[in-house]
Amino acid sequence: MKKDFDIIVVGAGHAGVEAAWISAQMKKKVLLITQTVDQIAQMSCNPAIGGLAKSHLVKEIDILGGLMGVAADRTGIQFKTLNLSKGPAVWALRVQSDKKRYSAFVRSKLENHKNIDILQDEVLDLVIKDNECKGVKTEINGIVHCKKVIICSGTFLKAVIHIGKKQIPSGRLGEKSSYALSKHMQKHGFEVGRLKTGTPPRIAGYSINFEGMDIHGSDKHIIPFSFRHNKAFLKQTPCYVTNTTKETHSIIGSNLDKTALFSGQIKGTGPRYCPSIEDKVFRFKEKISHRLFLEPEGLDTNEFYINGFSSSLPVNIQKKALHTVPGMENAHFVRPAYAIEYDYFPAYQIKLDLETRKIKSLYFAGQINGTSGYEEAAAQGLMAAINAVLKIDGKESFILQRNEAYIGVLIDDLITKDIREPYRMFTSLAEYRLELRHDNADSRLLRFAKKYKLLKRSEIKYLESRLKNIDELLEFCGKKKIKMSDLNAMLKGLGEKLSGEGLKIEKFLKRPEVSIDMLLNNSVMNFPEKYSYYELKQAETLIKYEGYIARQQDMIDRFKKNEKIKLSQDLDYSEFKGLKNEAVEKLNRIKPVSIGQASRIAGISPADISVILVNMKSKGLL
Amino acid sequence: MIIAALASAPGKAGISVIRLSGNDTIKTVKEYLSIEEKLHEIVYNKLYLTDFLNEGEFIDQVTVAFFKEGHSYTGEESAEIFCHGSPIIVRKILEALYLEKNIREAKPGEFTEKRFMNGKMDLVQAEAVIDLINSESDAAYISSTEQLKGGLSEELKKINAMLIELMSILELELDFADEDLDFTPNDEITGKIDIAVEVINKFIQGYQKGRIFRDGIKVALVGDVNVGKSSLMNAFLKSDRVIVTDIAGTTRDVIEEKIEVNGYLLRIFDTAGIRETEDIIENEGISRSRRIIEEADIVLHVIDSTDPSEDEYAGNVIKVYNKTDLEDVIIDENSVKISCKTGSGIEELKHKIVKNVIDEELTYRPYYISNVRHLNILKETVSQLEQAKMSIQQGQNNEVVIVDMRQALDTLGEITGETTSMDIINNIFGSFCIGK
């Protein structure tokens, strides 16, 4: 290829498309290479974006100029807010998207961007000179040069699909696995590991008897992912719920030896949060039934995704077992469930900006770093690309902290905790959860979007005015009082009577059992009209959490203190007196950037940290 | 740098032990010895019988053991020299060693500090070593060795595990709300918090006894002037430690002495008799007496049987009727008859003191914590758990209850080491059927 590119993105899954998109938005010339152009932004597993903790990531991606939130909204056929009975810090949106339309939407966004070229080819090797990556070597187009390479290989490296004893070299059912790249990367000195994941069968809708099944429809009031949207764009379609039976379990239980996993054929580590149906039957024998969700794959297809029935059993046993589930007696398997094993590169080999330690100008994002999930992949693709662009421009890298974003937690966990199973985002992994809400991604991240020009000017202006309105509202609620008569009228239902001179809105909202909706529905309070419902709810959340957020702030301050004690990347911990060999090995491998990060490394004890500090002091580094 | 110091007690003894620790210890120490083996031939953990020489001059015949890095007390490369237990030999050996540029005198506690720093023991155990070295009674010895064995750390780990389980239950409902799981009702969660609090409180209450195991029982001798408080002190000690006269107000300062009874250390404080006086020195003594009385575990109210006082003291008090050789009195069960002059009743009194303060045999329980740092951390943990319980009862959601729980875990972590979010998630995966 003649043309030189700034950035080459290898792989067009959820990490790859975000990487290509944001690089192009940041005015870099991008080449996106995929083995199959028709599979751009393919949802390989479930037809949904978001969910608990993952929706936090999507919201953050949205504020940082990414595509995922917009694409999910535009192609969403069911919107559901989860955890509504709990507090807003753990609310989460899950959107069922039309798979085909999702892919088509993203593809057209990329195709129509003047800075992006798309190429169907396979990358076989990297062009490396003096430990720096200068381009890629492809199967058809030969060598292509560039300044930075971002690898987003998904599950395709040395991928093998397992269905019972059957093994098919394939990155997604029906798609070619990639052998050369992984082999060459090892040659370049990267440690490779093996992970496993799985997917349930897809069943023809006409063969399912939906009668008697629970129906889960969209929310009445849809709140989409992207701040740009306030409604759904497509026809809304429900999911269905059925349950496995005793017979299902007995069929699975008596065929455990036939699964690829239990027979030992699979060597890779699988995700514990997403077990196969046989795993569930085996490990939780006391549970007589497991719930299955039937999720539509799209509006134009009849295929249903059977959430909860992932398996590596032989297809005839899968069929036999699923046929014992109410409504599935005649289920026709369009595609079987399967397990898939693939290569990944344990993430201690990258830095917090996602560039590899070993080879400059080479970035890893997505499943190659050991994560699972579309959202986790997208977040990394976005961050890797922003950092690659910043590096080209000679600017400092963009690292999100654990108290700033789930994305920060995700990347820090990956590198620091030396995780050896597919990593998924959970809200419990974020220590400062009350700060990191899915509804305040803008207040946390807007300054970065502004700094790096990740959003349009008009969008930034809109978000800024929204934040300003919330500030004003907080002031309003701290001043304005609710009349006692109104208050008692509202609280009647709660069997309570107050006396006195009225109550400030702020005080009222602090009570756990009340909401701002009570004020609105009873027309007790006339908030100035310019404030949107979203802004009112935001103010409410801030008021409700105030005391706890303040306490969490203490913890954040302590956390920041340790993050501020920087550790140089040139330190050789074997020169540190008194450190255990195991600690030396870990510290030299992960090269933490701060005492804070060092303290989070698995196996580094508080005593080790004191030893590091003492050594730093004696070396005059503190 | 190699550190060196006498590791056994100073003074004359059968054998004295000098310990060295640091990089190149073996190579450096070998220079002083007549060992024939070359450096690479040295066998670890073996006793070598050899001469200790200073620039060729014979100092003593010693045995020496060498320890490999990671296998020594400090965790560093080390040596221990066993010499004859004469202060002069010890001095000569240490002087010879300190001449070496590489070697300096170890500071007090430095070997143990190194052991802690090298991850060979946790903070709780390191604190125990200090206590062990300072132990002055069987009880103190037992409590510090138990702590050293890791007994307390183990117990605290159990509490930590309880809190992790609680966190997991709360987190489960947040992170896996869409799973087909039975979530734990609130009253069951607060019940579990109560259990955790109860367990921690046992430790907090155990402090009283733990402290007595470690520091002994504080006994205050009080009473009017000239009732025989100082005579009683001397009777306890079986010596004429304290000046005794017939002049009222002889004892002007607080005098502390120690005796051991049933394995417990009794720290006896003879106080100035409390009375109105113009004497500045005596007044200062009296105010010190008042402080001692407040801090004492038990107060011995010494009464002159020939002229019994009507005064009453608050707190844990035994009335001790002295001079019963001169006049007999009728007493209740909180009183003892003694005669300092004849020695009658003194043994009975000693045992009554121990029985009164710590009503049991010399049996150590793991929850007898003795360290005030531990006490304060546990108290703080309890208050955060109570706060979590209150949040639940107020109807707060899990995500804010968890802020309280997280603080409790962080606080406890100051003794047990940090709990990471990953520990909680791992516990969830281990205990619940996750994954649709």
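Mentor: In chain A, the centres of domain 2 and domain 3, taken over C-alpha atoms, are separated by 43 Å. The bounds of these domains come from an automatic or database domain assignment, which divides chain A into domain 1 (5-195 + 342-451), domain 2 (202-341), domain 3 (457-549) and domain 4 (565-618). This is a predicted model, in which local features need pLDDT of at least 70 and side-chain atom pairs count only at pLDDT 80 or more, while totals for chains, interfaces and linings use all residues. Residues are numbered from 1 along each chain as its sequence is written, and chains are lettered from A and ligands numbered from 1 in the order in which they are written. For the complex, the predictor gives an ipTM of 0.78 and a pTM of 0.78.

An open sheet of chain A is made of 6 strands in the order S14-S15-S16-S17-S13-S18, with antiparallel pairing. Its edges are strand S14 (214-216) and strand S18 (333-335) of chain A, each of which has a single partner strand, so one side of each is left without a neighbour in the sheet. From one strand to the next the twist averages 35 degrees. Strands here are DSSP runs of E of at least two residues, helices are runs of H or I of at least four, and both are numbered from the N terminus; two strands pair if DSSP finds at least two bridges between them. Strand S13 (residues 202-204) of chain A pairs with S18(A) over 2 bridges in the antiparallel sense, and A:Ile203 stands opposite A:Phe333 in S18(A).

Two pairs of helices in chain A can be described in the same terms, with axes fitted as lines to C-alpha atoms over the stretch in contact and angles running from 0 to 180 degrees between N-to-C directions. Helix H6 (residues 246-253) of chain A packs against helix H8 (residues 315-322) of chain A at an angle of about 160 degrees, and their axes are 8 Å apart. H6(A) and H8(A) are therefore roughly antiparallel to each other, given that angles under 35 degrees count as roughly parallel, over 145 as roughly antiparallel, 65 to 115 as roughly perpendicular and the rest as oblique. The crossing of H6(A) and H8(A) is right-handed, whereas that of H2(A) and H9(A) is left-handed; a crossing is left-handed if the near helix is turned anticlockwise from the far one by less than a right angle, and right-handed if clockwise. Helix H2 (residues 54-63) and helix H9 (residues 374-392) of chain A pack at about 30 degrees with their axes 9 Å apart, and they are therefore roughly parallel to each other.

Backbone angles deserve a word as well. Most residues other than glycine have a negative phi. A:Ala41, however, has a positive phi near 55 degrees, and this residue lies in the loop between strand S2 (30-34) and strand S3 (48-50) of chain A. A:Ala41 is buried, with 25 other C-beta atoms within 10 Å; the term buried applies if 20 or more other C-beta atoms lie within 10 Å of a residue's own, exposed if 12 or fewer, and partly exposed in between, with C-beta atoms placed from the backbone. A:Lys453 also has a positive phi, near 55 degrees, and is placed in the loop between helix H11 (441-451) and helix H12 (457-479) of chain A, but A:Lys453 counts as partly exposed, with 13 C-beta neighbours inside 10 Å.

A:Tyr534, in helix H16 (residues 533-564) of chain A, is partly exposed too, with 15 other C-beta atoms within 10 Å. Between A:Tyr534 and A:Asn209 there are 325 residues in sequence and 40 Å in space, C-alpha to C-alpha.

For chain B, the mean pLDDT, the predictor's confidence in each residue from 0 to 100, is 82, and 84% of the residues score at least 70. Confidence in chain B is lowest in helix H13 (residues 421-431), at a mean of 59, and highest in strand S5 (residues 78-84), at 94. Where pLDDT is low, the predicted coordinates should not be read in detail. S5(B) runs antiparallel to S4(B), to which 5 bridges join it, and B:Phe66 stands opposite B:Ala79 in S5(B).
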